[in-house]
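Please read the following briefing alongside the sequence and the model.

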Amino acid sequence: MNALAGLGRFTGFCLDTMKSLPRRPFQLAEAVRQAWFIASVSILPTALVAIPFGAVIALQLGSLSRQIGAESFAGAASVLAVVREAGPIVTALLIAGAGGSAMCADLGARKIREELDAMRTLGVDPIQRLVVPRVIAGAVVAVLLNGVVSAVGIAGGYVFNVYLQGGTPGAYLSSFAALGQVADLVSAQLRAFVFGIIAALIACYLGMNAKGGPKGVGQAVNTSVVVTFMVLFAVNFVMVALYFQLVPQKGS
């Protein structure tokens with residue numbers, strides 16, 4: 001029952017946030033500050049994580065393609081793996097682990113200092129003032145970070161495939177053009193957008209409901225990261241399954 005009650009409260013929190021999105025005054029300055037903050041703590045780890053992701057994918061698929069005699073499609077497999085899966089997954093992990101934990105800690109500290117109660121007393125809606133800008137910032141930064149991950153991962157895969165595995169630049173790029181399509185990138189960006197919203201909502205909800213002083217804030221941060229990971233992997237599976245059902249694939 002506690003889990004169901006918590007799910008119900010979180011659903012109500014999400015609905016309140018969605019209703020507050022078009023409500024004036026718009027907190028544009030706060031959204032920009034939050035977006036800059038999330039990007040500043042996420043972009044370097046994202047780029048550093050994307051390089052080994054692209055390299056490992058290129059090495060594994062390059063070896064597999066040689067075993068089955070399909071070396072010419074190693075580039076397509078590597079790029080599609082990065083764009084379709086590695087990009088959104090890395091983005092989800094970094095947004096949840098870096099951006100989400102920072103949001104949860106900030107709102108949790110405000111909660112235990114009773115700032116949120118003071119805002120309500122003054123007639124200021126904490127959801128509109130604090131949560132909405134963070135949700136917008138999380139969604140926007142997630143889309144941008146997904147682009148960074150895709151670009152860095154593709155570049156890393158290209159270097160490893162061409163210079164370490166003896167592949168040719170032309171085959172690496174032309175094979176992707178034969179199998180890839182714009183819908184792959186659109187799907188990845190859409191998933192990153194949804195992941196950013198979900199990570200921000202979970203982090204803000206747990207932060208605003210933190211209890212027990214500084215220790216409670218730490219527990220809320222840990223819980224937000226774990227719960228966000230679990231939810232994002234489940235949502236990713238559903239969205240990928242829907243994509244393959246709804247969008248015809250090239251070469252099939």
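The notes below cover salt bridges and then a helix pair.

This is a predicted model, in which local features need pLDDT of at least 70 and side-chain atom pairs count only at pLDDT 80 or more, while totals for chains, interfaces and linings use all residues. Residues are numbered from 1 along each chain as its sequence is written, and side-chain values use heavy atoms, with hydrogens and water left out.

**Salt bridges**

- Ten salt bridges are found when the whole structure is searched, a salt bridge being a side-chain nitrogen of Lys or Arg within 4 Å of a carboxyl oxygen of Asp or Glu.
- A network of salt bridges links Glu30, Arg33, Asp106, Arg110, Arg113, Glu115, Arg129 and Arg134.

**Pairs within one helix**

- Arg33 and Glu30 are joined by a salt bridge of 2.8 Å, N to O, and they are three residues apart in helix α2 (residues 28-67), which separates them by about one helical turn; helices here are DSSP runs (H or I, at least four residues), numbered from the N terminus.
- Glu30 is buried at a relative accessible area of 9%, whereas Arg33 is partly exposed at 48%, where buried means under 20% relative accessible area, exposed over 50% and partly exposed in between (1.4 Å probe, protein chains only).
- Asp106, partly exposed with a relative accessible area of 26%, forms a salt bridge with Arg110 in which the closest N and O atoms are 3.4 Å apart, and both residues lie in helix α3 (residues 74-112), four residues apart, about one turn of the helix.
- In helix α4 (residues 115-121), Arg120 and Asp117 are three residues apart, about one helical turn, and their side chains meet in a salt bridge of 3.4 Å, N to O.
- Arg120 is partly exposed at 45% relative accessibility, and Asp117 is likewise partly exposed, at 37%.

**Packing of α7 and α8**

- The axes of helix α7 (residues 182-208) and helix α8 (residues 213-246) come within 9 Å and cross at roughly 150°, the axes being lines fitted to C-alpha atoms over the stretch in contact, with angles from 0 to 180 degrees between N-to-C directions.
- Helix α7 is therefore roughly antiparallel to α8, a term for angles over 145 degrees.
- The contact (heavy atoms within 4.5 Å) involves residues including Leu190, Val194 and Ile198 of α7 and Val227, Val231 and Val235 of α8.
- The residues of this contact of α7 with α8 comprise 17 nonpolar, five polar and two charged, with Ala, Val, Leu, Ile, Met, Phe, Trp, Tyr, Cys and Pro counted as nonpolar, Asp, Glu, Lys and Arg as charged, and the others, Gly among them, as polar.

Note on methods
Helix = DSSP H or I, 4+ residues; strand = E, 2+ residues; numbered from the N terminus. Parallel < 35°, antiparallel > 145°, perpendicular 65-115°, else oblique.
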